[in-house]
Number of protein chains: 2
Amino acid sequence: MTDPSPTRGIGALADAAGCKVETIRYYEKIGVMPAPPRTRGGHRFYTHDHVKRLVFIRRCRGLGFGIDEIRELLGLVDGGDATCGQVREIVARHLAEVRRRLADLRAMQRMLAAAAAECEAGTPPACPFIDAVYGAGERA
Amino acid sequence: MTDPSPTRGIGALADAAGCKVETIRYYEKIGVMPAPPRTRGGHRFYTHDHVKRLVFIRRCRGLGFGIDEIRELLGLVDGGDATCGQVREIVARHLAEVRRRLADLRAMQRMLAAAAAECEAGTPPACPFIDAVYGAGERA
DNA sequence: ATAAAACCTGAAGTCACTAGAGATTCAAGG
DNA sequence: CCTTGAATCTCTAGTGACTTCAGGTTTTAT
């Protein structure tokens, strides 16, 4: 029932990881996925380990890690010495970045909501948003 | 004291708007900034209106608008018929996008904070983050 | 007059993919 | 065995919003 190592084509791998076929070939080219064995005809085929690795990469991307950060994480995994300390440092660094972006977006949201509200109430001849953004800072 | 139209070079314009010289040339190439007059030698020179326009563009970028959205906004400004209705629609559309990104980032933040906390408490042999992200979903 | 700073053009690099062209291979049915 | 259609192959170029580089020209200050 449970085949220990069901090899599969690139399409099946893509389905398993929830990404596109092209993305896998791209990951191979940039070196985060290993070059898999090929059939006589040249088609790639993958094992369960490949699935695990790709899913890991995709999850990290989903958490906002950049490829280089993922490379670091994978280096730790591959080296076998994935100590918490090193991982925690990478995660903490990234978390700080996420919080910065969050703060930026929140500021944007406030400004935009205010602008929209002003527009809502604005008198049609001129637009408060345009006036505020285009004209502000002039002759002030 | 107040020179009514102090023309300036591209460097001074960049300083006034808080961006790089190359960015201005890029904006000119893609058509959001007009091609300014030149000196005999071919150097661009700008007027007060250019400053206003560039500051507007930079503020919009700061609010997260994409170049194409800025193009729409500028079209309205240039046409003179910058009615609230049209602007409000663009702003509202963008605000929705910002809120989506906010939600995404908040989710990321939660996951990362949880991962970091687990790592903090984790026992050195294996790393909870790696286990969770790499191993999760397997044989579950 | 000369030297340093600013400016010019055009092409290529960034990030993480995505899309397309055109050829080949695989799996299934008859 | 043969054919068809889906899947896969390689390679190139495009996305957004710039940034960086190379190599040359102009301006400005001394």
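**View 1. Chains A and B of the predicted model, superposed by rotation.** Copies are superposed by least squares on the C-alpha atoms of residues with pLDDT of at least 70 in both. On that basis, chain A of this predicted model can be laid on chain B with an RMSD of 0.3 Å, by a turn of 179 degrees and a shift of 0.0 Å along the axis. The two copies are thus related as by a two-fold rotation axis. Among the residues of chain A, the one whose C-alpha comes closest to this rotation axis is A:Leu102, at 3.2 Å.

**View 2. The side of chain A that touches chain B.** Across this interface, 41 residues of chain A are in contact with 41 residues of chain B. On the side belonging to chain A, the elements that give two or more residues are α3 (48-62), α5 (84-121) and α6 (128-135), and the largest share, 22 residues, comes from α5(A). By class, the residues on this side of chain A divide into 27 nonpolar, six polar and eight charged. Because 100% of the interface residues of chain A are also interface residues in chain B, the copies meet through the same surface.

**View 3. The surface near DNA strand C, with residues from chains A and B.** DNA strand C is surrounded by 22 residues, of which the closest are A:Gly41, A:Gly66 and A:Ile67 from chain A, together with B:Gly9 and B:Gly11 from chain B. Two or more residues of this surface are given by each of α2 (21-30) and α4 (67-79) in chain A, and likewise by α1 (10-17) and α2 (21-29) in chain B. The residues of the surface near DNA strand C comprise five nonpolar, 10 polar and seven charged.

**View 4. The surface near DNA strand D, with residues from chains A and B.** Around DNA strand D there are 22 residues, and the closest are A:Gly9 and A:Gly11 from chain A, with B:Gly41, B:Gly66 and B:Ile67 from chain B. At least two residues of this surface are supplied by each of α1 (10-17) and α2 of chain A, and by each of α2 and α4 (67-79) of chain B. Sorted by class, the surface near DNA strand D has five nonpolar, 10 polar and seven charged residues.

**View 5. The crossing of α1(A) and α3(A).** The axes of these two helices, α1(A) and α3(A), come within 9 Å and cross at roughly 45 degrees, which makes α1(A) oblique to α3(A). The crossing of α1(A) and α3(A) is right-handed. In the contact itself, A:Leu13, A:Ala16 and A:Ala17 of α1(A) meet A:His50, A:Val51, A:Leu54, A:Val55 and A:Arg58 of α3(A), and the residues of this contact divide into six nonpolar, one polar and one charged.

How values were computed
Residues numbered from 1 in each chain as written. Chains lettered and ligands numbered in written order. Predicted model: local features only at pLDDT ≥ 70, side-chain atom pairs only at ≥ 80, totals over all residues. Contact = placed C-beta atoms within 7 Å. Near = placed C-beta within 6 Å. Helix = DSSP H or I, 4+ residues; strand = E, 2+ residues; numbered from the N terminus. Nonpolar A, V, L, I, M, F, W, Y, C, P; charged D, E, K, R; others polar. Axes fitted to C-alpha atoms, helices over the stretch in contact; angles between N-to-C directions. Parallel < 35°, antiparallel > 145°, perpendicular 65-115°, else oblique. Left-handed = near helix turned anticlockwise from the far one by under 90°.
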